[in-house]
Amino acid sequence: MTETARQARQGVGESARRPDAVLKVTGEFAYASDLWLEGMVWGATLRSPHASAWIRSVDVGPALAIPGVRAVLTHEDVPGEKFYGLDVKDQPVLAIDQVRYEGEPVALVAADHPETARRAASAIVVEYELRPAVTDPREALDFVRYQPVRKGDTFEAEVVVTGEYEVGMQDQAFLGPESGLAVPAEDGGVDLYIATQWLHVDRDQLAPCLGLPPGKVRLTLSGVGGAFGAREDLSMQVHACMLALRLDRPVKIVYGREESFFGHVHRHPARMRYEHGATRDGRLVYVKADILLDGGAYCSSSPAVVGNAASLGAGPYEVPNVRVDATGVYTNNPPCGAMRGFGAVQACYAYESQMDRLAEACGLSPVEIRVRNAVSQGSSLITGQVIDSPAPLAGMLRDLERFPLPAPAERDLRALPGGVSQTTHGESVRRGVGYGVGIKNICFSEGFDDYSTARVRAELVGGEPHVTVHTAAAEVGQGLVTIQAQIARTELGVENVTVATADTSVGSAGSSSASRQSYVTGGAVKAACEAVRERFGGLPAREALEKSGPIEETREYRHRPTYPMDPATGQGDSHTQLALCVHRAVVDVDVELGLVKVVELAAVQDVGRILNPQALEGQIHGGSAQGLGLALMEEIQMRDGKVLNPSFTDYLIPTILDMPPMTMKILENPDPAAPYGLRGAGEPPTLSSTPAIAAAVRAATGLRLTRVPIRPEDIALVHNGEGSHDGRT
C-alpha cells in the first residue's frame with residue numbers, strides 16, 4: 001500500500017482505529033484506578049448519613065488511634081478557601097457547621113492500607129442535630145435560576161392538549177469510579193493524576209482551596225472509564241491534594257461503587273406541565289410550559305441546565321406564541337449537574353409526549369403532526385434565534401417513516417419480554433411503535449468564553465516526519481484522541497502522529513461535554529496544523545523539516561459569539577450550533593406482567609460531516625442506550641433525601657441483552673460555520689430515544705404513562721385492575 005493510501009485510510013472521514021482499542025479490549029489499558037507510586041498512602045472520606053443536619057461536634061481521636069493512620073483532616077485543615085463550585089462557589093471542601101445532603105464529605109483519612117483508611121473514617125464520631133429536609137422541589141424556597149421565555153400574545157386555539165410529566169433522577173453510571181493520585185512536588189505544589197472532563201477548571205477550583213497559585217497545581221489526565229457529565233465537578237481531587245500536601249507523600253483515592261453514587265452529580269429530576277394549542281389541521285398556535293428542575297444541595301451547572309431547558313423547551317417546532325418558565329431550585333437531595341443532554345432531555349420527553357397527544361386530538365399520525373410543524377433552515381427558535389444552517393427535520397422524519405418495520409414477534413422465549421426466564425409465552429404481549437424528535441445545542445452557550453488550544457509540533461524522527469499534537473482535551477471514551485490524529489494526518493499529510501497526554505502544561509481545551517470537543521478542539525488542531533503547513537512553504541513535510549528543523553505552532557480556536565438569554569423574555573442568540581436526531585422505537589410489552597422488550601430502534605441524525613464513521617455510529621448507539629435506560633429502568637430512588645439503590649444491583653442500566661438492533665441513516669449537511677462542516681453528535685440521540693420508547697409503550701398498552709422511567713407496575717397494575725389510568729400507582 002502506498003503512503004498516500006495509508007494516509008487516506010487514517011485521515012478525516014475514515015474509520016481510523018483507536019490507539020487505545022487493543023489495550024482496552026485486552027484489559028491492559030491503565031485507568032485512573034490503576035495508578036500506583038512507591039510510598040503512596042490511601043485516602044478515604046467520611047460522609048454524612050443525613051440529608052440535612054447541623055454538625056455539633058467532630059471527634060477524630062478514635063480514628064487517629066488506629067495503627068497505620070497517617071492523618072485525619074476536617075474543614076479546619078483546609079489550607080485556602082473553603083468553598084468551590086463550577087458556576088457558584090457554594091460547595092464546601094468539607095462540611096463546616098452543617099450538611100445539606102446525604103453523602104456530603106465531612107472528614108478525610110489517610111492510611112497505609114485502603115481498608116485501614118475506610119475503617120478509620122467510620123471510627124470518627126460526629127454529633128449531628130437533625131433538621132427537616134427539603135426534598136420536594138415544589139416546596140423549595142431557594143432558586144438556582146429562573147428563566148422565562150416569552151414570545152407572542154395569542155394563547156387560544158381550536159385544539160388544546162395539556163399534560164403533566166415527570167423525569168426521574170438518572171445517574172451517569174460510568175464504569176470507572178472516581179479516582180486519582182496526588183503527588184507533592186519539590187516546589188511546594190502538587191501534581192494530580194486524575195480522571196476528569198475539564199483539567200483547567202479543576203485546577204482553577206483546586207488552587208484557591210489549596211492556598212496555591214495555579215502554576216503550582218498541575219493536572220495530568222489519567223485513564224477515564226466513562227464520564228457523561230459527572231466528572232465536570234470536583235469529587236476527590238481537592239481531598240487527595242490536601243492529604244498529599246499535609247503528609248508530603250503521594251495519596252491515592254479510589255471510590256467504591258456505592259461511594260461513587262454519592263460522590264458525583266446526577267441528572268436533574270424534573271416536573272413539567274405543558275399546554276399545546278393548535279389549529280384543527282395540527283398547526284401549532286402556542287406552547288405553554290412550566291419546567292421545574294431539582295438541582296439538589298449545590299449549584300453545580302444547574303444555571304446552564306435551566307437555560308437549555310428553557311431555550312429548547314418547545315422542541316424543534318415552529319410555534320409563534322410561547323410562554324415557558326424554567327426554574328431550578330435547591331433541595332436537600334444529592335447535587336445535580338451535567339449529564340448527557342443537559343436540560344434538553346427532560347424538556348424533550350415532555351414536549352414529545354405532548355406532540356403525540358396533539359396528533360391524536362387532530363386525527364393525525366405521530367409523524368405527520370411533527371412534519372407539519374418541523375423547523376428548517378431559516379426558522380426561529382422560541383428565543384428568536386434563527387437556525388442558519390441545514391435543519392432538514394421534515395425529510396428526516398419521512399426517512400424514518402420509510403424504514404421497514406421488524407417482523408412480528410416470534411414465540412422464541414429469547415425474543416419475548418422477560419427472555420429465557422420464561423415469564424411469558426407471548427399470550428399477553430402487545431406491540432407498539434413510537435416516534436421521538438430532539439434538538440440539542442452544541443458547545444457552550446449564553447456568552448461563555450468557549451475555546452480550545454492546540455500545540456502541534458512537526459519534526460523528523462529516525463529520518464521520517466512525525467507530528468505531536470498536544471491539547472488539554474479529555475478523552476473520556478468518545479474517541480477524541482483518534483480524531484485529533486486524523487485531523488493532523490489530513491492537514492499535514494504525515495502518517496506518524498502522536499497525541500500527547502492531556503495536561504495543564506498547554507492552554508485550556510474546555511470541557512469534554514456539550515458535544516463540543518470535535519468542534520472546538522478539532523478546530524484548534526486544524527488551525528495549528530494549518531500554521532505548521534504554512535511554514536512548510538509548499539514543500540512536502542520531509543523536505544521542509546530537513547530544511548528548517550522542527551516546527552511548532554500553538555493556536556486557539558473560538559466559535560462564533562453567543563449571548564445570554566434576556567432575563568425577562570428569554571430572547572437572544574444563545575447557542576452556537578443546533579443538532580437534530582429522530583428515533584422510531586418498536587417495543588413488545590407483556591401487559592399483564594409489565595415487562596417491556598425494545599425490539600428495534602431506528603434513528604436518523606444529521607451530523608454535518610462524518611469525521612470517523614465507526615466512532616460516530618458508536619456515539620449514536622451509546623446515546624440511544626442511555627435514552628433507553630431513562631425510558632425503562634434507570635432511576636436513583638430517593639426517600640426523604642436518602643438514596644435507596646446506590647449499587648449496580650439495584651440501579652439498573654441497559655446491557656447488551658437490553659439493546660435492540662439499530663437501523664441508522666446518517667446525513668451530512670455541512671454547517672458552514674463549523675470546522676469541516678461538522679455538527680456535534682454525542683448528545684442528540686439521548687434526547688429522542690427516550691420519548692420514542694415511551695410512545696411505543698403507550699401505543700402497546702393504551703396507557704398515558706406520564707413518567708419515566710416506566711416501571712412494570714405502571715403497566716401491570718393498571719391492566720390488572722389497580723392503579724390509575726395515567727400509569728401511576
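## Two packed helices

Let's start with a helix pair: α12 (residues 480-492) packs against α13 (residues 517-535) at an angle of about 30 degrees, with the axes 9 Å apart. That makes the two helices roughly parallel (angles under 35 degrees count as such), and their crossing is right-handed. The axes here are lines fitted to C-alpha atoms over the stretch in contact, and angles run from 0 to 180 degrees between N-to-C directions.

On the α12 side, the contact (heavy atoms within 4.5 Å) involves L480, I483, Q484, I487, A488, E491 and L492. Among the residues α13 brings are T521, V525, C529 and R533. The contact residues divide into eight nonpolar, five polar and four charged.

## What you're looking at

This is a predicted model, where local features need pLDDT of at least 70 and side-chain atom pairs count only at pLDDT 80 or more, while totals for chains, interfaces and linings use all residues. Residues are numbered from 1 along each chain as its sequence is written, and side-chain values use heavy atoms, leaving out hydrogens and water. Helices (H or I, at least four residues) and strands (E, at least two) are DSSP runs, numbered from the N terminus.

## The four-stranded sheet

Now for an open sheet with mixed pairing, in the order β18-β23-β24-β27. Strands count as paired if DSSP finds at least two bridges between them. β18 and β27 (662-667) stand at the edges with a single partner strand each, so one side of each has no neighbour in the sheet. From one strand to the next, the twist averages 15 degrees.

Helix α11 (residues 393-402) lies across β18, β23, β24 and β27, running at about 25 degrees to β23. Helix α15 (residues 613-632) also packs on the sheet, where it touches β23, β24 and β27, and its direction makes about 125 degrees with that of β27.

β23 (residues 577-590) is largely enclosed by the rest of the structure, because 14 of its 14 residues are buried (under 20% relative accessible area, with a 1.4 Å probe and protein chains only). Q577, A579, C581, H583, A585, V587 and V589 point one way, and L578, L580, V582, R584, V586, D588 and D590 point the other.

With β18 (residues 429-442), β23 pairs in the antiparallel sense over 14 bridges; V429 has D590 as its bridge partner, and I439 has L580. The pairing of β23 with β24 (residues 595-606) is antiparallel too, over 10 bridges, with V589 partnered by V596. These two strands form a hairpin with four residues between them, and G594 in the turn has a positive phi of about 80 degrees.

Definitions and conventions:
Buried means under 20% relative accessible area, exposed over 50%, partly exposed in between (1.4 Å probe, protein chains only). Angles under 35 degrees count as roughly parallel, over 145 as roughly antiparallel, 65 to 115 as roughly perpendicular and the rest as oblique. A crossing is left-handed if the near helix is turned anticlockwise from the far one by less than a right angle, and right-handed if clockwise. Ala, Val, Leu, Ile, Met, Phe, Trp, Tyr, Cys and Pro count as nonpolar, Asp, Glu, Lys and Arg as charged, and the others, Gly among them, as polar.
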